[in-house]
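Here is a friendly walk through one protein chain. Keep the picture open as you read, and look for each residue as it comes up.

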Amino acid sequence: MRVPFVVADVFTPRPLAGNQLMVVPDAGELDGDTMQALTREIGFSESAFVTHVEPDRYRVRIFSPGYEMPFAGHPTLGTAFVLATDGRIGRRATQEVPAGDFAVEVDLAAGTASVRQLAPEFGPELDDRDRIASAIGLTPGDLDPATPPQPVSTGLRHLMVPVRTADAVARAETRPREVAAINAELDCDALYLFAVTDEGAKARLFAPGVTVAEDPATGSAAGPCGAYMAARGLGRMPGSMAIRQGEEAGRPSTLHVTVEAEGDTWSVLVGGGVRIVARGAFELTG
């Protein structure tokens, strides 16, 4: 069996930066075990497998090396961009994943894509700053008591951990067992630490057992970060901002987030640049 694929770099205006993604545009004949094996073979943090396409709607399964995910940010943008580039969907479409339906938009001329994420769900605020600071190699003083850690989901649940300065974000070091234990107890996919900056935020994501290394750009966490900040009136939120992520992972990334009030909740839009960098095929015969 021959399985064509596309490699895209997401949340970057240029190739060979941002977060790497493999998209299999025609995966209808593949079973889940094969999708999982191909994800491990390519070695990226996530891969996307399109199982059905119509001009205004498509269905996709998203895998990390460890398991299938109900939703993820950069696979959403990258898949929409690849399908629009190949003329299989229009500028606007709906993506179907286990977490729900997500509205996506692609601007091929600008080289960008965006996704409207789900209304945010906020978990309980956490008091144990000592434990969380230890898990990311910081001191409790690096965490601001006025902005407590809190799980937030706009499609995927992440633990938001605000820290005082961008320097603290840069010098953080994950302690995998401690981070994994916290994530498991809170039913979170990852720990997302961030500091408010003039343009928005500087962030990093630690997810032992989910990503193969530190994730360079995490759209599913950028939305919750924007919602967390909007709910507290931090920085540019509510409004629009840029999140810088990936410098420490060697793949600088920029995520654009817009959060606006919508009734008694928030509307969350996450977007960024996408560049297609390779096309190829797996040969699964023999």
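Arg 244 counts as partly exposed because its relative accessibility is 30%. In this predicted model, Arg 244 forms a salt bridge with Glu 199, and their closest N and O atoms are 2.7 Å apart. Arg 244 sits in strand E14 and Glu 199 in the loop between E12 and E13, so the pair ties together parts that are 45 residues apart in sequence. Salt bridges that share partners also join Lys 202, Arg 204, Glu 214, Glu 247 and Glu 248 into one network.

How many salt bridges does a search of the whole structure find? The search finds 20. Side chains of opposite charge can pair when their charged atoms come close. Three of these pairs are set out below.

| Salt bridge | N to O distance | Separation in sequence |
|---|---|---|
| Arg 244 and Glu 199 | 2.7 Å | 45 residues |
| Arg 88 and Asp 26 | 3.0 Å | 62 residues |
| Arg 91 and Asp 107 | 3.8 Å | 16 residues |

Look at the partners in the second row. Arg 88 is partly exposed, at 27% relative accessibility, whereas Asp 26 is exposed, with a relative accessible area of 56%.

Now back to strand E14, which covers residues 239-245. Strand E14 runs parallel to E13, and four bridges join the two. In this pairing, Ala 201 stands opposite Ile 243 of E14. Strand E14 also pairs with strand E15 (residues 253-262), this time in the antiparallel sense and over seven bridges.

Nonpolar side chains tend to be buried together in soluble globular proteins. The largest nonpolar core here has 58 residues, and Ile 243 is among those with the most contacts inside it, as are Tyr 58, Met 160 and Phe 194. Helix H6 (residues 219-232) gives the largest share of this core, seven residues. Apart from it lies another core, of 21 residues, including Leu 126, Val 161, Val 179 and Phe 206.

Glu 96 belongs to strand E6 (residues 92-97). Is Glu 96 buried or exposed? Glu 96 counts as buried because its relative accessibility is 17%, and the cut-off for buried is under 20%. Its side chain makes a polar contact with the side chain of Arg 57, at 2.8 Å. Glu 96 also touches Val 60 and Asp 101, among others.

Finally, turn to helix H5 (residues 176-186), where the buried residues are Val 179, Ile 182, Asn 183 and Leu 186. Why do they lie on the same side of H5? They cover an arc of only 95 degrees around the axis, which puts them on the same side of the helix. An α-helix has 3.6 residues a turn, so residues three or four places apart point the same way. On the other side of H5, Arg 177, Ala 184 and Glu 185 are exposed. The cover over the buried residues of H5 includes helix H3 and strands E11, E12 and E13. After H5 comes Asp 187, whose phi is positive, near 55 degrees.

Key
Residues numbered from 1 in each chain as written. Predicted model: local features only at pLDDT ≥ 70, side-chain atom pairs only at ≥ 80, totals over all residues. Heavy atoms only, no water. Buried < 20%, exposed > 50% of the residue type's maximum accessible area, 1.4 Å probe, protein only. Arc of directions from axis to C-beta. Contact = heavy atoms within 4.5 Å. Pairing = 2+ DSSP bridges. Core = buried A, V, L, I, M, F, W, Y, C linked by side-chain atoms within 4.5 Å. Polar contact = N/O pair within 3.5 Å; in protein donor to acceptor, adjacent residues only side chain to side chain. Salt bridge = Lys/Arg side-chain N within 4 Å of Asp/Glu carboxyl O.
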